[in-house]
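Let us walk through this structure together, one kind of contact at a time. Have the sequence and the model open side by side as you read.

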Amino acid sequence: MKNYSLIFVCMVVCLVSFASAKSGIATFYTKYIPSACFKNKDQGKMIAAAGDALWKNGAVCGKKFTVKYTGPRNGVPHPCTGKSVTVKVVDQCPGCPSTMDLSREAFEIIAKPVAGIINMDYKKV
């Protein structure tokens with residue numbers, strides 16, 4: 001009986017975790033410094049710029065999100081790598097068509113750069 005209870009709890013946790021993810025669009029960029037949140041301080045390569053809807057006057061500066069590919073947007077065949085990536089928001093991407101503009105290095109973890117723009121799920125870490 002204990003084993004069944006443990007399995008049930010694990011299933012519920014997985015479903016809640018998946019359900020809490022939000023859908024969005026990801027693109028990538030290559031110039032990381034300076035940034036709106038950290039000016040000229042290097043924050044590494046696993047970073048992102050937040051689009052207007054996510055930015056909320058800088059409230060997401062320094063926040064981390066796990067990002068996962070969910071589908072193509074431009075017809076590039078099989079761009080998905082099957083992985084997810086955790087990124088730190090370091091900048092704003094005003095007027096971007098995407099929810100998050102990932103560093104090229106972060107984008108490459110979840111999709112081939114030739115895709116350029118992808119559908120994604122993201123959730124705050």
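Cys96 is partly exposed, because its relative accessible area of 22% falls between the two limits used here: buried means under 20% relative accessible area, exposed over 50%, and partly exposed in between, with a 1.4 Å probe and protein chains only. Its partner is Cys93, and the two form a disulfide with their sulfur atoms 1.4 Å apart. Cys93 counts as buried, because its relative accessibility is 9%.

A word on the ground rules. This is a predicted model, in which local features need pLDDT of at least 70 and side-chain atom pairs count only at pLDDT 80 or more, while totals for chains, interfaces and linings use all residues. Residues are numbered from 1 along each chain as its sequence is written, and side-chain values use heavy atoms, with hydrogens and water left out.

How many disulfides does a search of the whole structure find? The search gives two, where a disulfide is a pair of cysteine sulfur atoms within 2.5 Å. The link of Cys37 and Cys61 is left-handed, with -75 degrees about the S-S bond. Cys37 sits in the loop between E1 and strand E2 (47-51), and Cys61 in the loop between H2 and strand E3 (64-72), so this pair ties together parts that are 24 residues apart in sequence. Helices (H or I, at least four residues) and strands (E, at least two) are DSSP runs, numbered from the N terminus. Cys61 counts as partly exposed, at 28% relative accessibility. With the bonded cysteines of the chain numbered in sequence order, the pairing reads 1-2, 3-4. Another cysteine to look up is Cys80, which is partly exposed with a relative accessible area of 39%.

Now for the aromatic rings. A pair of aromatic rings is described by the distance of the centres and the angle of the planes. Rings of Phe, Tyr and Trp (its six-membered ring) pair if their centres lie within 6.5 Å; planes under 30 degrees apart count as stacked, over 60 as edge-to-face and the rest as tilted. The whole structure holds three aromatic pairs. One of them joins Phe28 and Phe107, with ring centres 5.0 Å apart and planes at 50 degrees, so the pair is tilted. This pair links distant parts of the chain, since Phe28 belongs to strand E1 (residues 22-29) and Phe107 to helix H3 (residues 104-110), 79 residues apart. Are the two partners buried or exposed? Phe28 is partly exposed at 23% relative accessible area, whereas Phe107 is buried at 0%. Another pair is formed by Tyr29 and Tyr32, whose ring centres are 5.3 Å apart and whose planes stand at 90 degrees, so this pair is edge-to-face. Tyr29 is buried at 12% relative accessible area, and Tyr32 is buried as well, at 11%.

Side chains of opposite charge can pair when their charged atoms come close. With a salt bridge taken as a side-chain nitrogen of Lys or Arg within 4 Å of a carboxyl oxygen of Asp or Glu, the count comes to one. That salt bridge brings together the side chains of Glu108 and Arg104, at 3.2 Å from N to O. Both residues lie in helix H3, four residues apart, about one turn of the helix. Glu108 is partly exposed at 37% relative accessibility, and Arg104 is partly exposed at 33%.

On a 1 Å grid over the protein atoms alone, a cavity is a set of points where a 1.4 Å probe fits but cannot get out, and a pocket is an open set with protein on both sides within 12 Å along at least five of seven lines; lining residues have an atom within 4 Å of a point. Grid points are joined across faces, edges and corners, and a volume is the space filled by probe spheres set on the points. The largest pocket has about 210 Å³ of space. Its lining has 13 residues, with Lys22, Leu54, Lys56, Phe65 and Tyr122 nearest the centre. Strand E6 gives the largest share of that lining, three residues. The structure also holds one cavity of 30 Å³ or more, and the largest cavity has a volume of about 40 Å³. Tyr32 is among the residues that line the largest cavity, together with others including Ile33, Lys41 and Val90.
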